[in-house]
Amino acid sequence: MTERYETVIGGRTLSFETGKLAGQADGAVLARYGDTVVLATVVASRTVREGIDFFPLRVDFEERLYAAGKIPGGFFRREGRPSELATLTCRLTDRPIRPLFPKGFRNEVQVMITALSADQENEPDVLAMNAASAALVISDIPWAGPIGAVRIGYIDDQFVVNPFEAAFKDSRMNLTVAGTRDAILMVEAGASEVSERLMLEALRLAHDSIQDIIAVQEQMRDAIGKPKREVTVHKVDETVRQAVLARVGDRLAFALRQPDKATRSAEVNALNQEMLDAFSETFEAQEVREVLDEEGKRQVRADILDRAQRPDGRALDQIRPISCEVGILPRTHGTGLFTRGETQALTIATLGTPRDEQKVDGLGLTDTKRYMHHYNFPPYSTGEARPVRSPSRRDIGHGALAERALLPVLPSEEQFPYTLRLVTEILSSNGSSSMASVCGSTLSLMDAGVPIKAPVAGVAMGLIIEDGRHQILTDIQGLEDHLGDMDFKVAGTQEGITALQMDIKVAGITLEILERALEQARVGRLFILDKMLTAIPQAREKLSPYAPRLLRIKIDPEKIGAVIGPGGKMIRAIQEETHTKIDIDDDGTVTIASIDGVGGDMALQKVKALTEEVEAGKIYLGTVKRLMDFGAFVEILPGQEGLVRIGELADYYVNNVEDVVKVGDEIMVMVIEIDHMGRVNLSRRAVLEGRTAPTEPSGQDDRSRPRDDRGRGDRSHDDRSRSDRRPRRRPQNDR
């Protein structure tokens, strides 16, 4: 039997329906918001796979283009690997639901969300989080939900809950928040330099707004939820724990307090190996490792909470040593090397033409991107040797975060028409590599001469919370991230925040903790910005000599055909002659790309000549194309000719046209008239006499050419296409 539950969020109905679809899943919910519909299903294995020492949760978002009435591109015309949007939606959903599974739960769990309908007004990612929560709530899988999720915009100085997708172009904020009834679990945001105070207000509104979503799921759970299954939660045997701890003593705490990562890792690894060898015949190796990991975590957390002592000896709000360099690669368009402690990021900026834009094949309104940021995390950055495969979800997520952080400060396409691609190579990693990529990207953009509005820096904040006590850490390193309870990344300019991302491992944190973390991050961000500006105070005034030069001109869209020519003949000829690339948009915007300015200027003049309108009074350098006994036809623009009558060829009496000009001659002429039929009359005499404006020619043919014996003057303008006059026929009665 179908059950339906609904509530109103942001003025629109959010509904959850179950009992009709996917009956064999442990939980299945069809969620609808507007005309956007997703199906969320959850399944958990009944047994634990042998050798699993972690919680194997997998979240998949299946993006079906039929949902928006689209057919996929490519040869096969079917969906392939997940798009960037699908990958980011998986991460958005995973992050708030993961902390609510029981500690030690190791059954495989798969959450699969399929987008069935997309109205391109209500984005499917927030709906996916709510649908996944509802499916888990009514299933028999142990889980401490529900959660709710909303998106907050800030439009015309007003907060808006779940704005339509198109409205975000006018919003100063794009904030996604997920949480439980009592706390916030996940934050993801892009913003246009908003203050910490404004961001905190948005977080409060978001948490208030999710309460109705949580309430309707609790109603579902009470009415139709399955009893939660009994599961065996993994725990280390106490005998093993006591034996290992007795032998290791305080040596593990000493090893973990070494300030250098390499020394610390070497000592911890040596101690682990000693324990494994000592208990190899007594206990399972995995159990020994778990005891050591748990004890290491307890020691680090106790040092921070009880003594405010971090593993590397820093103060809680202290940032590691920073160094910045630019321009270190000779042939790239821009480079920035940012080093903070043992984390090092090299970002390379490449400037491209409009044709280099990325085509986006997805459910949203956006179909192209002119700015891309790609993040690479090679194994050598952590001293490992492993296969290098396609970008992971983490790589894609970190790249998207850095992209979001810099987007608000990029110049508009009208101001800077380049396509931008940034690639961050993490050369060494010990925490906060995503924020290092933000800093390196700012340096590379400034080195490339991109006129950004303001430099952006990023810092990662950590949290240790236990038994009502907590400590907030600035610029966390890898060990603090691994053993801590929060990874809160904040990026922004001197004026405000441009991006946020928060992951936590506990069942939520309060707004009071977030407020303190935001303020501590602001201080850290300003410190980092000062260090970056010592390397390059402002964007370079000139682009790299290896970057393309772009010129733009707007032409009448009806003239596009003249520039392209039959079968593209004209535009290909211009590109080959000037060694340029030319792109033409449907609105008549012509973009010319060249490596040197000379070729670009030449191509620009040719495009202008093909599209320019003849103006009365303007002087042109024209080429003589045809000679007649009454004047010369001169091409003043490509494909546009005008007539210079014999009386306008010179400032003296002319008997024959051939006495003044020949075919192929270039002469300066003024447009003295464009008649009602669009025919152009030219004058060379006006240029020679130094006229500044066209004047009506008066008796020009009487002065320059004698009348014949019948009193006829020069041939009329209508006879331009004829070389001879036809004889007049006499009436019959004149014989």
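User: Rings of Phe, Tyr and Trp (its six-membered ring) pair if their centres lie within 6.5 Å; planes under 30 degrees apart count as stacked, over 60 as edge-to-face and the rest as tilted. Which residues form one aromatic cluster?

Analyst: This is a predicted model, where local features need pLDDT of at least 70 and side-chain atom pairs pLDDT 80 or more, while totals for chains, interfaces and linings use all residues. Numbering starts from 1 along each chain as its sequence is written, and side-chain values use heavy atoms, without hydrogens and water. The whole structure holds 9 aromatic pairs. One cluster is formed by Phe55, Phe101, Phe105 and Trp143.

User: Is the pair of Phe101 and Phe105 stacked or edge-to-face?

Analyst: The ring centres of Phe101 and Phe105 are 6.2 Å apart. Their planes lie at 5°, so the pair is stacked.

User: Is Phe105 buried or exposed?

Analyst: Buried means under 20% relative accessible area, exposed over 50%, partly exposed in between (1.4 Å probe, protein chains only). Phe101 has 7%, so Phe101 is buried. Phe105 has 2%, so Phe105 is also buried.

User: At what angle do the axes of helix H9 and helix H10 cross?

Analyst: Both helices are DSSP runs (H or I, at least four residues). Their axes are lines fitted to C-alpha atoms over the stretch in contact, with angles from 0 to 180 degrees between N-to-C directions. H9 (residues 393-406) and H10 (residues 433-447) come within 9 Å. Their axes cross at roughly 45°.

User: Which residues in H9 meet H10?

Analyst: Contact means heavy atoms within 4.5 Å. On the H10 side are Ser433, Ser434, Met435, Ser437, Val438, Ser441, Thr442 and Leu445. From H9 come Arg394, His398, Leu401, Ala402, Ala405 and Leu406.

Terms used: Helix = DSSP H or I, 4+ residues; strand = E, 2+ residues; numbered from the N terminus.
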